[in-house]
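Colleague: I am new to this structure. Please walk me through it, one question at a time.

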Amino acid sequence: MNDTRHQRHVLVLPDRDAAEEVAEALTERFGVAEEPQVVRDALAGEDDAEDAQWLVVVEDPDAAYDAARLDALAAEYEGWREAE
């Protein structure tokens with residue numbers, strides 16, 4: 001049986017520059033059709049921009065992106081991947 005569940009990958013990065021570079025790399029390396037969303041995620045209770053993580057949200061409607069390759073890409077920029 002073919003599993004065609006929609007997936008969303010969230011790559012957590014330490015800063016905005018890293019997040020923007022990862023979003024660009026996703027388009028180049030993975031051929032992501034829909035531009036990834038870059039979102040600032042302030043840590044709970046923190047107002048200082050230095051305490052923010054940046055998220056790159058990748059929609060994967062056909063579950064086509066290799067999780068291990070996404071993990072490796074995030075790790076190149078001192079980040080990690082979370083699947084939703």
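Colleague: Which residues of α1 are buried, and on how wide an arc do they lie?

Modeller: In this predicted model, Ala18, Ala19, Val22, Ala23, Ala25, Leu26 and Phe30 of α1 are buried. Buried means under 20% relative accessible area, exposed over 50%, partly exposed in between (1.4 Å probe, protein chains only). Helices (H or I, at least four residues) and strands (E, at least two) are DSSP runs, numbered from the N terminus.

Colleague: What ground rules apply to the model?

Modeller: Residues are numbered from 1 along each chain as its sequence is written, and side-chain values use heavy atoms, leaving out hydrogens and water. The model is predicted, and totals for chains, interfaces and linings use all residues, but local features need pLDDT of at least 70 and side-chain atom pairs count only at pLDDT 80 or more.

Colleague: Which residues are exposed on the other side of α1, and what do its buried residues pack against?

Modeller: On the other side, Asp17, Glu24 and Glu28 are exposed. Contact means heavy atoms within 4.5 Å. The buried residues of α1 pack against β1, β2, β3 and α2.

Colleague: How is the aromatic pair of phenylalanine 30 and tyrosine 65 arranged?

Modeller: Rings of Phe, Tyr and Trp (its six-membered ring) pair if their centres lie within 6.5 Å; planes under 30 degrees apart count as stacked, over 60 as edge-to-face and the rest as tilted. The count is 1 aromatic pair. The centres of phenylalanine 30 and tyrosine 65 are 6.3 Å apart with planes at 90°, so the pair is edge-to-face.

Colleague: How many residues apart are the two partners, phenylalanine 30 and tyrosine 65?

Modeller: Phenylalanine 30 belongs to helix α1 (residues 16-30). Tyrosine 65 lies in the loop between β3 (52-60) and α2 (67-76). The pair links distant parts of the chain, 35 residues apart.

Colleague: Which residue lies over the face of phenylalanine 30?

Modeller: A charge sits over a ring if NZ of Lys or CZ of Arg is within 6 Å of the ring centre and within 35 degrees of the ring normal. Here the distance from the ring centre is 4.3 Å. The residue is arginine 69.

Colleague: How many residues of β3 are buried, and which strands pair with β3?

Modeller: In β3, 8 of the 9 residues are buried, so the strand is largely enclosed by the rest of the structure. Two strands pair if DSSP finds at least two bridges between them. Antiparallel pairing joins β3 to β1 (residues 7-13) by 7 bridges, and over 6 bridges to β2 (residues 37-42).
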